[in-house]
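Please open the model in a viewer and keep the sequence panel beside it. The stops below each begin with a selection and then say what is found there.

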Amino acid sequence: MSAPAAAEVGRADLFAGLPKAKPNSLQQWQALTGRILWVMATKGELAFAAVTPLVITLGFYLPLKYVMQFRGIDYAQFVMPIIVLQTMTVTMMSNAQMAAFEAMTGFNTRMQSMPVGKMVPLVSRLSAGLVRSIVSLTAAIGWGHMIGFRFVAGWGQTVLFCVFSLAVGTVLAVGADALGSLTKNPESLSQALTLPTLIFGMLSCGFVPESGFPVWVRPFVRNQPISQFSFALRDMAAHGVTWQVFWVPMVWLIGAAVIFLPAAVWASMRRS
């Protein structure tokens, strides 16, 4: 018997007593999600996710509080939706950097060479991002309560507020994950995402009413997605959102999901 054949027989004898491997996508998802969450917890990212809403709340609320009081606006109620949406964009950037880092270091290629479900790495990153969003949302609502924000439309609208906020954050994270997997550059990607986030945030009805903008820019300010999300969330916290208000942000959200999800799946599964 030749030496290679003998080595092959010896290898077969070595693993003869072990059970046959049966890859399980659920267990793989649990392992990869747990790995990401462990890194988030040990590196302080989850703590940062809880503190970031405080910084955003103070930065947005304090400068305009008294100005809005002169206009008869309860600014804590008014500004809370944009605070929540801004915390969701932090999760978006975190997911983008995570996807870019895994693509840059070859982790995605490694996963593709192993008996791991094709969708498991993507779903794991999104699941970890959802946990981060929940932490941020909980903290944002807590800090908002301290400045006077209240849910007054009942538990149903409160739950809808939270679910819709997390849905927006997840859809944004899906799109950011696709960009991260394609660019493989965490630093430049973070810079590229910051500018549109600032533009859509500042040119929205989240900080000031539409009447506070020049007439020529009001159509964009009123109809862009961040403003529409703010309208819906503000109504959910106040007197309850109606379908007449809710259908426009839902169209924006579903439209974004239809575009982002296939892109993220393709970017995550493609061979680099």
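**A tour by selection**

Start by selecting glutamate 102, which is buried, with a relative accessible area of 4%; buried means under 20% relative accessible area, exposed over 50%, and partly exposed in between, with a 1.4 Å probe and protein chains only. Before going further, note that this is a predicted model, in which local features need pLDDT of at least 70 and side-chain atom pairs count only at pLDDT 80 or more, while totals for chains, interfaces and linings use all residues. Residues are numbered from 1 along each chain as its sequence is written, and side-chain values use heavy atoms, with hydrogens and water left out.

Glutamate 102 is in helix α4 and arginine 125 in helix α6, 23 residues apart, and the pair links distant parts of the chain. Helices here are DSSP runs (H or I, at least four residues), numbered from the N terminus. Is arginine 125 buried or exposed? At 0% relative accessibility, arginine 125 counts as buried.

**Arginine 132 and helix α3**

The structure holds five salt bridges, and another one to select is that between the side chains of arginine 132 and glutamate 45 (3.3 Å, N to O). Arginine 132 lies in helix α6 (residues 120-147) and glutamate 45 in helix α3, so this pair ties together parts that are 87 residues apart in sequence. Arginine 132 is buried at 4% relative accessible area, whereas glutamate 45 is partly exposed at 27%.

From glutamate 45, select the whole of α3 (residues 45-70) together with α4 (residues 75-104): their axes come within 9 Å and cross at roughly 145°. Axes are lines fitted to C-alpha atoms, for helices over the stretch in contact, and angles run from 0 to 180 degrees between N-to-C directions. Residues of this contact (heavy atoms within 4.5 Å) include Glu45, Phe48 and Ile56 of α3 and Tyr75, Val79 and Ile83 of α4.

**Glutamate 210 and arginine 222**

Next, select glutamate 210 and arginine 222, whose side chains meet in a salt bridge (2.4 Å, N to O). Glutamate 210 lies in the loop between α8 (186-202) and α9 (218-223) and arginine 222 in helix α9, so the pair ties together parts that are twelve residues apart in sequence. Glutamate 210 is partly exposed, with a relative accessible area of 23%, and arginine 222 also counts as partly exposed, at 31%.

**Tryptophan 252 and its helix**

Finally, select tryptophan 252, which is found in helix α11 (residues 243-269) and is partly exposed, with a relative accessible area of 40%. Which residues does tryptophan 252 touch, not counting those up to four places away in sequence? They are Asn223, Gln224, Pro225, Gln228 and Phe229. The C-alpha atoms of tryptophan 252 and proline 225 are separated by 6.2 Å, although the two are 27 residues apart along the chain.

Show helix α10 (residues 225-237) beside α11, and their axes come within 9 Å and cross at roughly 135°. The contact includes Pro225, Gln228 and Phe229 of α10 and Val245, Pro249 and Trp252 of α11.

Technical notes. Helix = DSSP H or I, 4+ residues; strand = E, 2+ residues; numbered from the N terminus. Salt bridge = Lys/Arg side-chain N within 4 Å of Asp/Glu carboxyl O.
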